[in-house]
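Me: I have a few questions about this one. Can we go through the structure together?

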Amino acid sequence: MTDLSLTEDFDLQPHHTFGLPSRARWGGFLHRPEHIAEALGFAQARGLPFFLLGGGSNVVPLPFVDGVVGVLRLSGRSLARGADGVVRLTAAAGESWPELVAWTVGQGIGGLENLSGIPGTVGAAPVQNIGAYGTEIAELVDSVRVLDLTDLSQQVIAGADCAFRYRQSRFKDEPGRYAILSVTLALPTDWAPNLGYRGLDTLPQTATPAEVAEAVLAIRGSKLPDWRVLGNAGSFFHNPVVAADHPAAQIEGAPRYPAPDGVKLSAGWLLEQAGMKGHRLGGAGFHAGHALVMVNHGTATCEDVAALTAEAQAAVQAKFGVALVREPLTLG
Ligand code: EPU
């Protein structure tokens, strides 16, 4: 037994960035790995499913989560230079990702600046292989320490074994199997700014990590809603990959990017063309500034979100013959 405290009828609304009304049968905060094991045992003893939540920035909860939800709060971060000269940054799963990035940038350490301002926790970052402005965390992950919930063993999984792909990973492939305890990032010894993304390409090659971070935060602020003002879960759909000869890939003026297995299209562009930009249903809507982000105008319910998701998928399917896949995970 530890000092774990679980509460019945746990309110999930303050613990995810969409701000939807949702409650869990049980829930509580997990500050140490032992709390995770104990909360799992608590759920198993009652025949209930067990769910882990980080910052709740990439989830859509069900109105009632009939299980035990543990909100990860493991904390701690350290920097070490190895014998190989590589700076390794280790952070516990419950640390804030944007604060961690700002902390390294503030020390003049480069590598994470293009991933500035992404809401959520460190532990959630490898799960969906967060990526923005030309960088994916996959490029930087040295290893991930996990608790395997099938046998409660701790394992260290090398970055190369995390099966990282666009917005995918081993942790998404096997949902519920691993609790991520900490992530170790290997930061480049020969850092140079990554200015390939449109909007960053006006910066000089001499730009510092702090200058790149500032530019990234400005781009984000101009396009993406702040979840503290308008609840949201970031990009609501994956950018779809279609065959090179798909009619949607031939459309004049449509943004498209090469992908290993075809052509990647812009879900935001497709949604805008299908009339979804700024469109509302109940308390939910697609952001007026970026059609890829579904927002909570204050009174959105889980039902509004589900109905608007279906409407948007049907509209894009009808207009372009492209199936959009939702990006945030369901909690419950
Ligand atoms: N676009 C439109 N209309 C819109 C939105 C976008 O025409 O309403 C067009 C843009 O003009 C641009 C293209 O779509 O030509 C792509 O837009 P953007 O550069 O904003 O990037 P994105 O593909 O929509 C992805 C990530 C974001 C990440 C940005 C920047 C996904 C699902 N999303 O968005 O990640 O910040 O690139 O790298 O891959 C997130 O995952 O939550 C997220 C915000």
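Me: How many bridges join strand β18 to strand β19?
Reply: Three, and the two strands run antiparallel. This is a predicted model. β18 covers residues 284–286 and β19 covers residues 293–296.

Me: Which residue in β19 stands opposite A284?
Reply: N296.

Me: What order do the four strands of that open sheet come in?
Reply: The order is β13-β19-β18-β17, with antiparallel pairing. β13 (231–235) and β17 (280–281) are at the edges with a single partner strand each, so one side of each has no neighbour in the sheet. Helix α6 (residues 302–320) packs on the sheet and touches β17, β18 and β19. The direction of α6 makes about 30° with that of β18.

Me: T309 is in that helix. Is T309 buried or exposed?
Reply: T309 is buried, at 8% relative accessible area; the cut-off for buried is under 20%.

Me: What does the side chain of T309 reach?
Reply: The backbone oxygen of V305, at 2.6 Å. Leaving aside neighbours within four places in sequence, T309 contacts F236, F237, M294 and R326.

Me: Switching to charges: how many salt bridges does the structure hold?
Reply: 13. One of them pairs R77 with E95, with the closest N and O atoms 2.9 Å apart. R77 is in strand β6 and E95 is in the loop between β7 and α2, 18 residues apart.

Me: Is E95 buried or exposed?
Reply: E95 is buried, at 11%, while R77 is partly exposed, at 31%.

Me: Which residue forms a salt bridge with D148?
Reply: R177, at 2.7 Å between the closest N and O atoms. D148 is buried, at 1% relative accessibility, and R177 is partly exposed, at 27%.

Notes
Residues are numbered from 1 along each chain as its sequence is written. This is a predicted model: local features need pLDDT of at least 70, side-chain atom pairs count only at pLDDT 80 or more; totals for chains, interfaces and linings use all residues. Side-chain values use heavy atoms; hydrogens and water are left out. Two strands pair if DSSP finds at least two bridges between them. Contact means heavy atoms within 4.5 Å. Axes are lines fitted to C-alpha atoms, for helices over the stretch in contact, and angles run from 0 to 180 degrees between N-to-C directions. Buried means under 20% relative accessible area, exposed over 50%, partly exposed in between (1.4 Å probe, protein chains only). A polar contact is a pair of N or O atoms within 3.5 Å; within protein, one must be able to donate a hydrogen and the other to accept it, and residues adjacent in sequence count only if both atoms are side-chain atoms. A salt bridge is a side-chain nitrogen of Lys or Arg within 4 Å of a carboxyl oxygen of Asp or Glu.
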